[in-house]
Amino acid sequence: MNAFCKSVRVRTTHLNHRKTIKEVARANAKQYKFRAEEFGAEVTVEQYFRRKHNITLRHPELPLVDVGSRQNKILLPPEICEILPNQPFRGKLTKEHTAAMITVACQPPNVNGEAIVNQGSTHLGFRAPGPVMQAFGMGIGNEMAVVPGRILPRPGIQYFQNNSPSVDEKASWNLRGVKFSVGALLDKMAVLVIKDGRYREEFDGKDDPLLHEVVREFRRMCATSGVRLGAEPVYIEARLPSKDASDPLRKAAIDTIRDTLLSMQAKPNIVMVMLADGDAAIYEGLKHLCDVYLGVATVCVHSSKIKKRSPHYYANVALKFNMKLGGVNHSLNDLASSKWLNAMPTMVVGIDVTHPGPGSAKGTPSIAAVVASIDNQYAQYPCSLEIQETRKEMITNLKNMMIERLEVFRKRSNRLPERVLVYRGGVSKSYFNIVREEELPEIIRAFQKFDKPKQPYRPKLTIVICGNHHGARFFPTEECTATCDGNLRPGTVVDRGVTAVYDFDFFLQAHGSLQGSTRPVHYYVIYDEIGFKADGLQGLTNAFSYMFARATKAVRRASPVYYASCACRRGRCYIRKLLYGYVGDGTTVGSSAEEDAMKETQTLWHGGIKALKDTMFYL
């Protein structure tokens with residue numbers, strides 16, 4: 001409620017004043033008292049409105065809203081506040097609202113292009129230039145700029161015994177007839193059935209014959225895909241208490257899940273969780289519990305979906321199982337990229353930072369993630385995950401996080417890398433110099449940790465910024481460069497016309513679209529000791545877009561920075577209490593001291609990931 005009401009403009013119906021809501025108070029109109037000078041006594045808000053304005057409140061039990069200032073609180077009953085129209089909602093949307101927004105926003109390229117050229121120019125006043133533009137002799141054309149581009153060759157994808165699947169025009173493929181490059185051992189598996197009152201969707205319990213048949217079919221799919229099967233799984237179930245408005249984070253339900261898992265005689269290696277529905281509180285709480293406190297890998301599926309017994313769904317779940325257990329789903333079979341990667345030991349790094357969103361408690365920390373490859377297959381990317389100062393874009397503890405990644409690389413490859421390629425996500429152009437001045441020295445200090453007497457360790461380093469938040473959109477000018485839905489073909493790169501004149505940058509659209517118009521990623525090289533040529537880095541980045549292990553298609557960003565983003569999202573599950581606006585036992589959006597938020601976070605973080613730190617637990 002606080003997240004929704006904060007900063008909303010209202011009109012008071014009794015005095016016709018316009019006010020802005022600062023926050024929702026904890027007291028209601030029956031509880032809150034103040035001294036009313038006109039009555040010479042202390043009265044409740046309910047009594048004041050009845051005596052002063054002759055208004056009998058219909059809902060005095062509702063919490064009051066504060067429309068005053070920091071120095072002078074003014075608490076009003078919400079029923080006399082009318083929300084003014086045409087205000088943007090700046091809080092966090094629900095999943096249903098987000099899905100509805102995407103449905104409206106995802107328009108095909110021809111519709112978006114027409115809107116930009118025709119409607120956009122008109123709405124911005126470019127059709128008829130005003131007196132200021134005319135005074136400078138300026139005008140804006142009605143056509144889009146035409147820039148040169150080219151389509152990169154599609155990289156080769158390789159599975160077990162050098163089998164290569166057929167890749168379609170949207171850069172996707174399937175697992176039919178292939179096995180994972182390296183199949184993991186699926187042993188000590190548990191199946192946890194969540195019972196949450198959704199009787200139509202969920203399984204009947206751990207002894208449900210349909211559940212056992214579904215799990216047998218899934219394990220057969222794993223074996224077909226190259227996963228090595230161990231002992232039969234153990235089946236357990238957790239019957240969750242009913243939802244309670246006083247427990248929005250469903251702590252009681254998570255406690256039930258914890259007790260169920262701890263009741264097992266032996267600790268499992270991985271748990272397949274049959275969720276009753278898409279309740280975010282259960283999913284996030286379960287990930288927090290298993291990742292941080294129990295140190296057990298989990299893969300969650302929706303009971304209603306896996307009940308359909310689709311081989312395609314089984315295969316997608318198997319992708320996660322194999323990677324979390326240390327396997328390799330597929331590898332590169334691209335001559336140019338493989339030749340460069342195999343020329344000398346190379347560690348590829350992904351870095352990202354996520355910040356608290358609207359409705360979070362004041363002082364909620366940001367989360368930083370650093371993932372890095374560990375061998376010459378460039379498939380497994382274990383992660384270092386840490387909290388830091390709220391809304392700080394630069395990574396505070398980057399040196400130690402990089403040291404952790406280098407030590408794991410040395411442990412797995414028996415040597416340190418001679419080249420380090422960093423893909424840095426989430427940085428706008430105004431921060432490029434700050435990355436050079438703050439993060440680059442920290443990475444070099446991490447290298448110095450491995451110095452030997454008269455033998456300094458200085459691998460060649462390149463840092464590439466991956467920009468997502470830009471306004472550039474590209475549309476094909478010829479049919480041969482477009483897919484059937486009107487988007488550009490995957491692998492389209494633009495490095496002239498709309499890029500920097502003197503710097504090394506390019507736009508790459510590596511993926512095909514599922515719906516709407518595709519958006520390219522703007523890659524910007526801010527530091528380059530390796531000495532990349534344009535074709536080399538563009539081809540390598542395009543190849544990494546095909547290496548995202550959770551999918552059988554090219555993805556929008558290079559997989560290392562995508563993995564870092566996934567790790568950041570997982571970290572948000574651990575501090576979900578603060579992200580929903582809770583600190584301690586109450587809701588304190590906008591009023592909690594930052595020290596309290598950090599102290600609460602340290603408790604929730606519980607020292608971070610320990611048992612799973614060398615795995616891809618975050619997938």
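For the 619 residues of the protein chain, a compact globule would have a radius of gyration near 25 Å, and the value of 28 Å found for the chain agrees with this (taken over C-alpha atoms, the globule rule being 2.2 Å times the number of residues to the power 0.38). The model is a predicted one, in which local features need pLDDT of at least 70 and side-chain atom pairs count only at pLDDT 80 or more, while totals for chains, interfaces and linings use all residues. Residues are numbered from 1 along each chain as its sequence is written, and side-chain values use heavy atoms, with hydrogens and water left out.

Along its principal axes, the C-alpha trace spans about 85 × 80 × 60 Å, and the chain contains 17 helices and 27 strands (DSSP runs numbered from the N terminus, helices being H or I of at least four residues and strands E of at least two). Buried residues account for 49% of the 619 residues, where buried means under 20% relative accessible area, exposed over 50% and partly exposed in between, with a 1.4 Å probe and protein chains only. Of the contacts (heavy atoms within 4.5 Å) between residues at least 6 apart in sequence, 69% join residues at least 24 apart.

Most residues other than glycine have a negative phi.
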